[in-house]
Amino acid sequence: MRLLLVEDDDHVAAALSAVLARHGFQVVHARNGEEALRALLPADKEPFGVVLLDLGLPDQDGYEVCGKIRKRSAIPVIMVTARADVRSRIHGLNLGADDYVVKPYDTGELLARIHAVARRKTAGDEPASTPADGLRLGPVRIELPTRRVSVDGEEVQLTRKEFDLLALLAQRPGVVFRREQIISEVWRTSWEGTGRTLEVHVASLRSKLRLPALIETVRGVGYRLVSPSV
């Protein structure tokens with residue numbers, strides 16, 4: 001698996017790269033946010049399986065880099081930082097990070113977390129095809145450039161937020177998106193006071209697409225998209 005390590009300290013990066021290489025990872029090292037974003041661009045190479053993102057970067061805030069990565073890709077991101085407070089963790093997860101590791105960390109735990117997020121990503125990728133112009137999940141087609149959705153070839157009219165919500169869930173079918181993460185990604189706000197709005201949009205999508213089981217509620221956590229049978 002190719003892994004993108006975003007770390008400004010060359011000594012830390014060298015030591016960690018050596019450990020990861022011994023466990024079969026092909027590590028690409030980026031020293032700052034700009035290098036990391038450039039490394040994700042080439043389409044002719046094997047895609048990265050995971051990004052390990054240190055938050056203390058010299059050119060950009062690590063949170064900002066995470067947000068930029070998430071806008072262009074569904075690649076799993078694990079934040080690595082010395083910030084142990086709960087507020088920092090929540091902020092990172094709300095921006096789309098898949099996991100959060102606090103320094104100093106145990107190498108075995110870090111490896112376990114890498115494999116865990118990679119498995120979730122693989123499971124999410126299998127049901128859906130992701131051509132450049134859109135996503136297909138059974139009878140549902142989502143055209144990202146034109147923001148059109150159709151079921152069995154019949155176009156379905158969605159509001160802007162309904163489309164954004166569906167497109168977000170469709171990036172990783174089968175993977176649970178936390179309520180806080182959905183609110184942060186789609187509504188660009190905090191979770192508090194917005195829960196009912198999310199529930200209404202989910203209900204509307206189920207009704208308009210005439211596929212009640214398409215979006216599954218995971219009690220106490222959030223929602224996931226279940227790829228329908230063709």
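**Exercise 1.** Find the volume of the second largest cavity and sort its lining by class.

*Solution.* Start with the volume: about 30 Å³ for the second largest cavity. A cavity here is a set of points on a 1 Å grid over the protein atoms alone where a 1.4 Å probe fits but cannot get out, and lining residues have an atom within 4 Å of a point. Next, the lining: Arg70, Ala74, Leu168, Gln171, Arg172, Phe177, Gln181 and Glu185. Sorted by class, that gives 3 nonpolar, 2 polar and 3 charged residues.

The model is predicted, so local features need pLDDT of at least 70 and side-chain atom pairs 80 or more, while totals for chains, interfaces and linings use all residues. Numbering runs from 1 along each chain as its sequence is written, and side-chain values use heavy atoms, without hydrogens or water.

**Exercise 2.** Which elements give two or more residues to the lining of the largest cavity?

*Solution.* The largest cavity holds about 50 Å³ of space. Its lining includes Leu5, Val6, Leu52, Leu53 and Asp54. The elements you want are β1 (2-6) and β3 (50-54), strands being DSSP E runs of at least two residues. β3 supplies the largest share, 3 residues. By class, the lining has 7 nonpolar, no polar and 2 charged residues.

**Exercise 3.** How many residues are in the largest nonpolar core?

*Solution.* Count buried nonpolar residues (under 20% relative accessible area, 1.4 Å probe, protein chains only) joined through side-chain atoms within 4.5 Å. You get 27 residues, with Ile142 and Leu166 among those with the most contacts inside the core.

Conventions. Buried < 20%, exposed > 50% of the residue type's maximum accessible area, 1.4 Å probe, protein only. 1 Å grid on protein atoms, 1.4 Å probe; cavity = no way out; pocket = protein on both sides within 12 Å on 5 of 7 lines; lining within 4 Å. Points joined across faces, edges and corners; volume = space filled by probe spheres on them. Helix = DSSP H or I, 4+ residues; strand = E, 2+ residues; numbered from the N terminus. Nonpolar A, V, L, I, M, F, W, Y, C, P; charged D, E, K, R; others polar.
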